[in-house]
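Please look at the protein shown below and follow its chain from one end to the other.

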Amino acid sequence: MSKSAIAILLLGLLASLQYWRGRRLNLTLVRGLARQMEEALSPVEKEYTWIGGYAGVVARYSLENEEYPEIKATISLLPHHSLLYLPVSILLGRRDRVYLLIHSQRKLTGKAHVKPGKKAKLPHNISCLHRDQVTIRGEVVHRCYDSEEEAKFLTSILSCLKSPSSVEHLAANVEESAYYASIKISRGDLAELFNCFLSSPHSGRDLFQGQKRRH
């Protein structure tokens, strides 16, 4: 057998092994996250749709909650099952993440974005009337908003978390009357975030009045 044939055979064996291990890892992550969300939300209806093979799942939950009747979660995973595409995805900055869309019955008063992290930056394509920073447990939180009420509400959600940096980005999406959240799976605690949303009245109370810096 030639060296080329041996190399192709080894590559095929490695690809098969990586596919088996990666598929099992992604299935374990999806099952664990789905169980965590179902325990926190106790949905009356649920629906799961696989996306891109084993690259993720879109979950839709219907709730018996007057303010938040529906939550949509997109679990986006690295292609752990692909020997060739996995390193490319990591180099491109992709990570295992969950994206949430929490639909509200209440009409949102305007758009707002909050993003924790000293070096965190809000997307440049976001235009807003106000930009400032607040500090939660020593963590700098960048805010960009038209509605101060929504900015205060999102800030209060972050303050409810043991680790505000577990959330990458929170936003009030006026067009869809929903709140958006981006969470890194390795850091985030979905149950804690859901509990903060479902148990926090939309009071607009600013817990950080007097601590913020405007730009």
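Leu13 is exposed, its relative accessible area being 51%; here buried means under 20% relative accessible area, exposed over 50%, and partly exposed in between, with a 1.4 Å probe and protein chains only. Leu13 lies in helix 1. Together with Met1, Ile6, Leu9 and Leu10, Leu13 makes a nonpolar surface patch of about 540 Å². Such patches consist of residues with over 30% relative accessible area and no salt bridge, like charges being joined within 9 Å and nonpolar side chains (Val, Leu, Ile, Met, Phe, Trp, Tyr) within 5 Å. A salt bridge is a side-chain nitrogen of Lys or Arg within 4 Å of a carboxyl oxygen of Asp or Glu.

The model is predicted: local features need pLDDT of at least 70, side-chain atom pairs count only at pLDDT 80 or more, and totals for chains, interfaces and linings use all residues. Residues are numbered from 1 along each chain as its sequence is written, and side-chain values use heavy atoms, with hydrogens and water left out.

The protein has four helices and 10 strands; helices (H or I, at least four residues) and strands (E, at least two) are DSSP runs, numbered from the N terminus. Of its 215 residues, 44% count as buried. The accessible surface comes to about 12,000 Å², and 53% of that surface belongs to carbon and sulfur atoms; the areas come from the Shrake-Rupley method with a 1.4 Å probe, and for residues only the protein chains shown count as cover.

The interior comes next. In soluble globular proteins, nonpolar side chains tend to be buried together. The largest nonpolar core of this model has 43 residues, a nonpolar core being a set of buried Ala, Val, Leu, Ile, Met, Phe, Trp, Tyr and Cys residues joined through side-chain atoms within 4.5 Å. Helix 1 (residues 3-41) gives the most to this core, with six residues. Leu100 is among the residues with the most contacts inside the core. Neighbours within four places in sequence aside, Leu100 is in contact (heavy atoms within 4.5 Å) with residues including Lys72, Tyr179, Leu193 and Phe194.

Arg97 belongs to strand 4 (residues 97-103). With a relative accessible area of 15%, Arg97 is buried. Apart from residues up to four places away in sequence, Arg97 touches Glu168, Ser182 and Ile183, among others.

How many disulfides does the structure hold? There are two, each a pair of cysteine sulfur atoms within 2.5 Å. One of them joins Cys128 to Cys144, with an S to S distance of 1.8 Å. Cys128 lies in the loop between strand 5 (112-116) and strand 6 (130-136), and Cys144 in strand 7 (residues 139-145), so the pair ties together parts that are 16 residues apart in sequence. Cys128 is partly exposed at 21% relative accessibility, whereas Cys144 is buried at 0%.

Cys160 and Cys196 also form a disulfide, with their sulfur atoms 2.1 Å apart. Because Cys160 lies in helix 3 (residues 148-160) and Cys196 in helix 4 (residues 190-199), this pair ties together parts that are 36 residues apart in sequence. Cys160 is partly exposed, with a relative accessible area of 36%, and Cys196 is buried at 2%. The torsion about the S-S bond of Cys160 and Cys196 is about -85°, so this disulfide is left-handed.
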